[in-house]
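Here is a short report on one protein chain.

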Amino acid sequence: GLRASARVPCYSGCWRSVRRSQGAVWPKPCLILLAVQGLRASARATHSRPADPEAMMRQVRHAVAEQLGLLGMIRRRPDLLVPMLSIWVASFGGGEHGPVTTYFLLEVGATTEQLGNFGVIRTLGVLALSPVYGWLLDNRSAYAPVLLSAFCCSFGCLFRGLVPVNSTFALYGSHVVLGLGAVNFWNVVGAYTALSTPRDMRPVVVSGFQVQVSTLNLLGTASFPACDWVLRAAGMEDQLLRYRAHMSVCSVFCVFGFFYMLVRFRPVACSDKVDQAREEQKLDASVDKLQLLVLLGSLVIQAFGETVVTVLWPLHIKKLGWGSHEYAWLDVASKTMIISGNLAYPALARSLGYRWTAMLLPVVACMTSAAAFLQPDASLYGQTMHVFNALAFLSACGVMKVCFQHLATLAVPPSQQGRVFSLLQMLASVGGIAGNLFGTRLVDHETSFAGRGATPFLIASSLFMLAGCAVAGLLVVPQQCMDSVFPSAPTGEDRDDCMGGACVVGAPKDPDEPIGK
C-alpha cells in the first residue's frame with residue numbers, strides 16, 4: 001500500500017486510500033513520516049535521472065504531436081470546429097487591432113479616466129454573467145451561452161468601431177454590450193471544449209486552447225504594421241479612418257462567425273448517467289473544500305501577480321534606460337514564452353507529476369519576479385538578467401494558470417465543472433482588479449524592505465511563495481494519470497513517469513479513429 005519506497009512518487013491521495021482500506025485512523029506522527037518518505041522518494045525519482053537530450057527531444061515531439069492530435073480532433077468534430085473557428089478569427093482580429101485600440105478611443109474623445117472605466121465595465125461583465133453561463137453549461141446546452149456571448153462580443157466591438165466622435169453615451173453603451181461578451185466568449189468556448197472531451201484529455205485541451213488563442217493573437221499583433229502599410233498605400237491617410245479600418249477587421253469576421261454558428265453550431269448533448277457515473281469513479285473521494293480553496297486562492301494570486309507585472313512593466317523598464325520600442329520587443333517575446341510554456345505543460349506535469357508542478361510553479365514565479373524587479377540595474381548584465389527573469393516569470397504565470405484551472409476542474413464532480421470554469425474566471429477577474437488597484441497605488445510607496453517602485457513586486461513575490469507553500473502542504477491530487485490519449489502517447493518505461501503509476505489507457509489504436517469516440 002505504501003508507495004514511498006517505490007520509484008513512483010507517493011502523494012497524500014495514496015495515504016487517504018490506505019487509511020480508508022485499513023478502516024483505521026492513523027496518528028499524525030505516522031502521517032508526517034509518510035509525508036517525509038514520500039517526498040524523499042519523489043525527489044530521488046525526479047533528480048536521480050541524468051539529463052538526456054534524446055529524452056527531452058522526445059518530450060518536445062510528444063507535446064507537438066499532442067497539439068496536432070487536438071487540432072485533428074477539432075477538425076473531425078463539427079460541434080467543436082464551428083465555435084473554434086469563431087474563436088480563432090476573433091483571437092487573430094483582436095491581436096490585429098490591439099495596438100490601436102487605446103489610441104482609437106482617445107481619438108474619438110475618451111479621456112484617460114474613461115479608459116479605466118471601460119476596463120471596469122468589461123470586468124463587471126465577466127463577474128455578472130459568468131455564473132449564468134456556467135449554470136447553462138452544466139444544466140442546459142452550450143448553444144445559448146456560446147451564441148449570447150458571441151453576439152455581445154461581435155456586435156459590441158462593431159458598435160465601438162463606429163461610434164461618432166465625442167459621443168460619451170455611445171462609447172459607454174458599446175462597452176456595456178462588449179462587456180457582456182468579450183472575455184466571456186473565450187471563457188465559454190474554452191469551458192465547452194474542455195467539458196465535451198474526456199477527462200483524461202483535460203490537460204491537453206486546456207493548455208491547447210490557450211496555445212491556439214495566444215498564437216493567433218500574437219500573429220495578429222505581428223501583422224499590424226503590414227496591414228497599416230497597406231492602408232496607407234491604398235490612400236487612407238486620415239489617422240482616425242485607419243483606426244476604424246483596423247477596428248472593423250475583427251468585427252466583420254466576428255459578425256460573420258456569429259451567423260455561421262447560429263446556423264451550424266450543434267453542441268453535443270449532456271453526458272448520460274452511465275458516462276457521468278464512470279467519470280465519478282475516477283475520483284478517489286469527495287473533494288476536501290480546503291484543498292479546492294487552495295487552488296482557487298492560488299489562481300487569484302496568479303492573476304494578481306501577473307497583472308501587477310504587466311501593468312507596471314512599461315514603467316519599470318524606464319529605470320533600465322529603455323522605452324516603448326524595447327517594450328514592444330519584450331511584449332512579443334513574453335507572448336512567445338507563454339505559448340511555449342502552455343505547449344510544454346502536459347509534458348512537464350507528466351515528468352514531475354501534478355503536485356510537484358503545482359508546487360514548483362509559484363516558487364519559480366516568486367524567485368524570478370524578485371530577481372527581475374526588486375533591484376533594477378541599468379548595466380548590460382542587469383538588463384540581461386532582467387529580460388531573462390521577467391520572461392521566465394511570465395512564462396511560469398501562464399503555465400500556472402493552466403495548471404490550476406486543470407486541477408480545479410478535476411477536483412469537482414462532472415456535473416459542476418461548468419460552474420467551476422465560471423468561478424475560475426471570476427476569481428481571475430478579482431485578482432486582476434486587485435492587481436490594478438494595489439499595484440498602481442503602491443508603486444510610489446517606499447519601505448525598509450523595498451525601494452521606491454518595488455513594493456508591488458515585493459508583495460507579488462511574497463504571495464507567490466505563500467501559494468507554493470500552501471500547495472506543498474495541503475494539495476491532494478486526484479489519482480488520475482496525465483497519460484495522453486493521442487496515438488503518440490509514451491509506452492513502456494515512459495508510462496512509469498506518470499503520476500501515481502496508475503495510467504489511464506485510452507489511446508485509440510487506429511490513428512484515424514476519432515478520439516473520445
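## Salt bridges and surroundings

Arg232 is partly exposed, at a relative accessible area of 38%. This is a predicted model. Arg232 pairs with Glu237 in a salt bridge, with the closest N and O atoms 4.0 Å apart. Glu237 counts as exposed, because its relative accessibility is 53%.

What links Asp228, Arg232, Glu237 and Arg242? They are joined in a network of salt bridges. One link in it is Arg242 with Asp228, whose closest N and O atoms are 3.3 Å apart. Arg242 sits in helix α11 (residues 239-264) and Asp228 in helix α10 (residues 224-233), so this pair ties together parts 14 residues apart in sequence. Arg242 and Asp228 are both buried.

Another salt bridge joins the side chains of Asp79 and Arg77, at 2.9 Å from N to O. Are these two residues buried or exposed? Asp79 is buried, and Arg77 is buried too. Across the whole structure, the search finds four salt bridges.

| Pair | Closest N to O distance |
|---|---|
| Arg242 and Asp228 | 3.3 Å |
| Arg232 and Glu237 | 4.0 Å |

## The chain as a whole

The secondary structure is helical: the chain has 18 helices and zero strands. The chain has 517 residues, and 48% of them count as buried. The chain exposes about 23,800 Å². Carbon and sulfur atoms supply 66% of that area.

Leu68 belongs to helix α3, which covers residues 53-76. Leu68 is exposed, because its relative accessible area is 54%.

## Helix α7

Helix α7 covers residues 168-180, 13 residues in total. From first C-alpha to last, α7 reaches 19 Å. That is close to the 18 Å expected at 1.5 Å a residue.

Which residues of α7 are buried? They are Leu171, Ser174, His175, Leu178 and Gly179. These residues cover an arc of only 135° around the axis, so they lie on the same side of α7. Just after α7 comes Ala182, which takes a positive phi of about 45°.

## Cysteines

How many disulfides does the search of the whole structure find? It finds zero. Two cysteines show the distances involved. For Cys152, the closest cysteine sulfur is in Cys153, 8.8 Å away, which is too far for a bond. A disulfide needs the two sulfur atoms within 2.5 Å. Cys152 is also buried, with a relative accessible area of 7%. For Cys469, the closest cysteine sulfur is in Cys366, at 8.8 Å, again too far for a bond.

Technical notes. Residues numbered from 1 in each chain as written. Predicted model: local features only at pLDDT ≥ 70, side-chain atom pairs only at ≥ 80, totals over all residues. Heavy atoms only, no water. Helix = DSSP H or I, 4+ residues; strand = E, 2+ residues; numbered from the N terminus. Buried < 20%, exposed > 50% of the residue type's maximum accessible area, 1.4 Å probe, protein only. Areas by Shrake-Rupley, 256 points an atom, 1.4 Å probe, with all protein chains shown as cover. Expected span 1.5 Å × (residues − 1). Arc of directions from axis to C-beta.
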